[in-house]
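Reader: I am new to this structure. Could you walk me through how to read it, feature by feature?
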Amino acid sequence: MREAIQDAVSRVDQQRLWARLMEMAKIGAIPNGGVNRAAFSQEDIAARKLLISWARERGFTVAIDAIGNLFIRRAGTDPHAAPVMTGSHMDSQPRGGRFDGIYGVMAGLEAIDAMEEAGVKTRRPVEVVAWSNEEGGHFAPCTMGSAVYTGAKALADFLDARDNEGVLLKDALEQTLAAMPAADKREFNAPAAAYIEAHIEQGPLLEQEGKTIGVVTGIQGLRWFDVEFSGETAHAGTTPVSGRRDALREAVAAICALQELTRDASDTVRFTVGRMLVTPNSSNSVASHVMFSVDVRHPDPATITRLGDAVEPAIRKAAVRCSVNITPTLRDDPCAFDSTVVECVERAAQALGLAHRRMPSGASHDAMYMARVCPTGMIFVPCEKGISHNEAENARPEDLAAGARVLTATVLELADR
Ligand code: GLV
Ligand code: MN
Ligand code: MN
């Protein structure tokens, strides 16, 4: 490892990184140590402002694009060179933890702080990005900011999305943008030389194997659907079951059919119904409407295509007396990361003497969209028992700092190419 890189890596400060993560965890803190920081909420705005204040303290520039993605930039020596980008997201699940997403943003900030302290010059600028609405728990679907930034999806197609309270994404986004008037305006899809994202693993493998670094090779594919059964409400005590148009009964039958469809002895298929809205949602009224979400994932392209294509026919079979509306909301094919970036991460882990392994990602990340426009990779660090999307999510300060060191070395390696 070059001396300048070693110097910057040695400036990565475990205490500072941990203190910033704990400061961020106060924004949207919920009981049991978790975080609820919904995309485009007041908490999201507060987190953005805190990030901007830390960036400005160092003299880094701040820019924002039309979907609210934030870019913190450390200049390079060649003002025309495309940046090396790193980052992740600051929004959380409704009952999320203190590390999912925010770790990648704080690790990126730590990396450019360490570069600044070491006085390292890079040819390319280095940019830390905080992607908007990665989780999709507030406004579906997930990875919205990176999908729009990279041109895979159009912002206009999401503006009419509503949260469970009926708030329009357009209005929440406008409020978010208005809260950061001093940030420079940024166009979508500016050229990038590379993108590397640090993240907690959100699974148990690294911890089980006593490894500190996951060298991520790619991300499994997924299909999302919104399903709506419509029937008729009726009195629960008086209406014979045979005469009902019970939306919940048929929705349950559909979900059972999907469980059969996705049954897998190897336990590789991931199938989740995580969201359900029942109307009128009363114990003694038959449900007239049920909306539920479907999330299916698999690493093999042919399998996820087959399963995704079979979702709609399986649901339609269960709709006997109700009508059903099925809307595909997300389709992401499995992605493989660029081998030069994967090797770069691996070399950095090796040079730093950290136990590491190659692994695919079961979770989706913004890196999936960046991989379509530039060489991309990810760095995983262990989290306790693999628990994530849960208030109990936890990670060790020393592992988080190790990930930030690998990130710093990888970014520096790529920033001089
Ligand atoms: C992101 O949190 C995902 O759904 O994988
Ligand atoms: Mn995440
Ligand atoms: Mn998440």
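Reader: Let me start with one residue: is F292 buried or exposed?

Author: Burial is judged by relative accessible area: buried means under 20%, exposed means over 50%, and partly exposed lies in between, with a 1.4 Å probe and protein chains only. At 0% relative accessibility, F292 counts as buried. Before we go on, this is a predicted model, in which local features need pLDDT of at least 70 and side-chain atom pairs count only at pLDDT 80 or more, while totals for chains, interfaces and linings use all residues. Residues are numbered from 1 along each chain as its sequence is written, chains are lettered from A and ligands numbered from 1 in the order written, and side-chain values use heavy atoms, leaving out hydrogens and water.

Reader: How is a pair of aromatic rings described?

Author: By the distance of the centres and the angle of the planes. Rings of Phe, Tyr and Trp (its six-membered ring) pair if their centres lie within 6.5 Å; planes under 30 degrees apart are stacked, over 60 edge-to-face, and the rest tilted. The structure holds 8 aromatic pairs. In one of them, F229 and F292 have ring centres 6.3 Å apart and planes at 15°, so this pair is stacked.

Reader: Where in the chain do F229 and F292 lie?

Author: Helices (H or I, at least four residues) and strands (E, at least two) are DSSP runs, numbered from the N terminus. F229 belongs to strand β10 (residues 221-230) and F292 to strand β13 (residues 289-298), so the pair ties together parts that are 63 residues apart in sequence. F229 is buried too, at 0% relative accessibility.

Reader: Which residues form an aromatic cluster?

Author: F71, W131, Y149, F188 and Y195 form one cluster.

Reader: Which residues are around ligand 1?

Author: A residue counts as near a molecule if one of its heavy atoms lies within 4 Å of it. Around ligand 1 these are E134, E135, R297, A363, S364 and H389. By residue type, this shell has 1 nonpolar, 2 polar and 3 charged members. Here Ala, Val, Leu, Ile, Met, Phe, Trp, Tyr, Cys and Pro count as nonpolar, Asp, Glu, Lys and Arg as charged, and the others, Gly among them, as polar.

Reader: What distances separate ligand 1 from the polar atoms of R297 and S364?

Author: An N or O atom in the side chain of R297 is 2.7 Å from an oxygen atom of ligand 1, and a polar backbone atom of S364 is also 2.7 Å from an oxygen atom of the ligand. The protein covers 93% of the 200 Å² of accessible area that ligand 1 has on its own, by the Shrake-Rupley method with a 1.4 Å probe.

Reader: And within the protein, which side chain does R74 contact?

Author: A polar contact is a pair of N or O atoms within 3.5 Å; within protein, one must be able to donate a hydrogen and the other to accept it, and residues adjacent in sequence count only if both atoms are side-chain atoms. The side chain of R74 makes such a contact with that of E116, at 2.5 Å. R74 sits in strand β4 (residues 70-74) and is buried, with a relative accessible area of 8%.

Reader: How many disulfides are there?

Author: A disulfide is a pair of cysteine sulfur atoms within 2.5 Å, and the count here is 0. For C256, the nearest cysteine sulfur, that of C322, is 15 Å away. C256 is partly exposed, with a relative accessible area of 42%.
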